[in-house]
Amino acid sequence: QKKSTITDKDTIPVAEKTPVPEVKHAVPVQKSNSLTAILTILCLVFLGTSVWLYLQWQKAKPVEVQTVTNTAPHRNDQEILLQDAFDNVTGDTLVLSDTVFKSPVLISDTLHIKADSLYIKVKGNIVLQRDTAYHGPALVISPTAKITVLDSLLFSDFPTAIYVNNTALYLKKTRFINCPVPVRNTYLFGGKQTITARLPVLVLPADSSAKKPVPVNGTR
């Protein structure tokens with residue numbers, strides 16, 4: 001009886017020390033591994049997409065810069081010299097000589113006249129010729145200029161030779177060859193203001209080679 005009593009007491013602790021709960025942790029570990037794999041795949045997809053977009057942007061960037069660079073006109077030496085003469089003239093008279101400006105002077109971009117009062121006198125024969133790639137005016141006279149005189153200058157092949165912004169322009173012995181619109185004058189008025197104005201009518205002297213203009217009322 002003592003042996004059986006000792007045996008019964010010993011068997012109870014043995015049953016309590018048996019490790020059982022390992023099977024319960026198997027399912028959570030498997031779920032954690034699956035979630036980690038999914039997050040890793042998503043990170044790789046995001047990284048690959050970012051790299052691909054960056055490479056595409058790098059390919060497109062040089063083309064964009066080249067396009068902007070090509071749009072800028074490149075003036076020739078005669079144009080630069082002529083524009084510098086307009087910008088740096090001292091006094092109200094500028095004499096242009098054909099010993100300095102060899103005709104034709106190819107115009108590839110607009111020349112600007114900003115002087116308050118300027119008399120441009122040509123000595124010899126100077127022709128302003130439109131470059132084939134250019135389709136703008138030869139001269140644009142700033143609205144801040146009060147009066148500009150062009151004497152003995154020749155314009156060739158411009159859709160509009162001179163662009164004026166409501167300023168006084170006098171032409172003396174000036175010629176236009178193959179210029180559908182020799183001079184275009186633009187008037188700027190206030191937005192909603194009521195305007196009362198008298199626009200000037202072109203008057204050509206009798207010795208002018210141009211045809212006599214039709215009066216404003218349409219009669220001959």
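A: Leucine 96 has valine 122 in S4 as its bridge partner. This is a predicted model, in which local features need pLDDT of at least 70 and side-chain atom pairs count only at pLDDT 80 or more, while totals for chains, interfaces and linings use all residues. Residues are numbered from 1 along each chain as its sequence is written, and side-chain values use heavy atoms, with hydrogens and water left out.

S1 and strand S4 (residues 117-123) pair in the parallel sense over 5 bridges; two strands pair if DSSP finds at least two bridges between them. Strands are DSSP runs (E, at least two residues), numbered from the N terminus. An open sheet is formed by 4 strands with parallel pairing, in the order S1-S4-S7-S10. Its edge strands, S1 (93-97) and S10 (168-172), each pair on one side only. On average, neighbouring strands of this sheet are turned by 15° against each other, direction ignored (axes are lines fitted to C-alpha atoms, and angles run from 0 to 180 degrees between N-to-C directions).

The structure also holds 1 aromatic pair. Phenylalanine 155 and phenylalanine 176 are stacked, at 5.3 Å centre to centre and 10° between the planes; rings of Phe, Tyr and Trp (its six-membered ring) pair if their centres lie within 6.5 Å, and planes under 30 degrees apart count as stacked. Phenylalanine 155 lies in strand S8 (residues 154-156) and phenylalanine 176 in strand S11 (residues 175-177), 21 residues apart. Phenylalanine 155 counts as buried because its relative accessibility is 0%, whereas phenylalanine 176, at 24%, counts as partly exposed; buried means under 20% relative accessible area, exposed over 50%, and partly exposed in between (1.4 Å probe, protein chains only).

Terms used
Rings of Phe, Tyr and Trp (its six-membered ring) pair if their centres lie within 6.5 Å; planes under 30 degrees apart count as stacked, over 60 as edge-to-face and the rest as tilted.
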